[in-house]
Amino acid sequence: MSKIFVDACFGKSTPYTPVWMMRQAGRYLPEYMEVRAKAGNFLNLCHNPALACEVTLQPIDIVGVDAAILFSDILVVPNEMGMKLDFIKGEGPVFDKPIVTEDDIDALLGGKEVAERLTYVYDTIKLVRAKLADDKALIGFTGAPWTLATYMIEGQGTKTYNICKKMMYSNPALLHKILAKVTEVVKYYLEKQILSGVDVVQIFDSWAAAIEPSKYDEFSWRYMVQISDFIKAKYPHIPIIMFPKGIPAFLDNIYGNFDVFGVDWSTPMALAKEKLGERYVLQGNMEPCRLYSKEATKACVESLADTMRDGRHIFNLGHGILPDVPVENAKYFVKLCQEVSKR
Ligand code: CP3
């Protein structure tokens, strides 16, 4: 059975424009909070395929999106490379020993060996694919090497990225060594996700905006392209979505063999369409906070549908949904997207 989401990623004409939401399986859903409580904590949930499968499927049943995104986290990758990870309440993810020296990066596991350790992710994918309706797509994902490196170097989330940027300008070779090592792992990680049953993959470069435009290619985009080239050469039937958040000043420099460009909320859709719309299908890009108001949601969905009336579009938020968004408003957004684009 054809999956409308996969067709849309390849720019084929579909009965309506499909929709999913970034961080669609999460804390805004009471059903998610129940399962997380059962798991004890967030990492346990990621490590438990039966429960991770359950929360992956929740948004399909509850809000009616066209694609499920695998429930996991980008940080399981550095965790399996050997960096001890904790999610601390109120603070977010923390690595106990950030990378400082070349020896630190040499000490980490790499390549296929790491990809093979992420068995709980592949087990989750197999369970989800067995339960998900045939016409719904399953999206696998990874963090971009740069976004993963920011956590590996800073040890946690950061507002300034000063430790990473000190390395970028004073010891770029070390940063490249980290990025290259993560890139190798991620190639095989996505390959294994595909072999386990995902229909689409997305690369999240959530912290792209931390890099000045003239350095973005060197420290992030080219590594993402290496990953997409590797996947496309072997699995051309799997659409690839690139999501670099917050880089309107880099749009003229986007290149590479992938299918969908995820437009974040700070980039006007019309600008992205003008610069990239002929080469890539565009995904996005409602400001997630519009979900607090049905009127604000409706105005944006209608404007997006108008801008993208020629198709080659996937509805989504321009970044992740927030935990205090009313579920009813998320449902309203999904239904509206599916309706306004029926043709
Ligand atoms: O529905 C989905 O989108 C799938 C699940 C998913 C999660 N994390 C679950 C999660 C995905 C795709 C991610 C990716 C991720 N993780 C990114 C890139 C995506 C983005 O939104 O930019 C990043 C930067 C991370 C790192 C991360 N994980 C942070 C910074 C945090 C803390 C966030 C916070 O607000 O506290 C997490 C934890 C996390 N990952 C949660 C969820 C549902 C919240 C954990 C909880 O249940 O308390």
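A: This is a predicted model: local features need pLDDT of at least 70, side-chain atom pairs count only at pLDDT 80 or more, and totals for chains, interfaces and linings use all residues. Residues are numbered from 1 along each chain as its sequence is written, and side-chain values use heavy atoms, leaving out hydrogens and water.

Start with the core. A nonpolar core here is a set of buried Ala, Val, Leu, Ile, Met, Phe, Trp, Tyr and Cys residues joined through side-chain atoms within 4.5 Å. Buried means under 20% relative accessible area, with a 1.4 Å probe and protein chains only. The largest such core has 132 residues. Phe5, Trp221, Phe261 and Phe333 have the most contacts inside it. Helix 11, residues 172–196, gives this core its largest share, 11 residues. Helices are DSSP runs of H or I, at least four residues, and strands are runs of E, at least two, numbered from the N terminus.

Now Phe333. Contact means heavy atoms within 4.5 Å. Leaving aside residues up to four places away in sequence, Phe333 touches Val19, Met21, Met286, Leu291, Thr297, Val301, Asn316 and Leu317.

Next, the setting. The chain has 15 helices and 9 strands. Buried residues make up 59% of its 343 residues. Of the contacts with a separation of 6 or more, 72% join residues 24 or more positions apart. The C-alpha atoms fill a box of roughly 55 × 45 × 40 Å along the principal axes.

Methods:
Buried means under 20% relative accessible area, exposed over 50%, partly exposed in between (1.4 Å probe, protein chains only).
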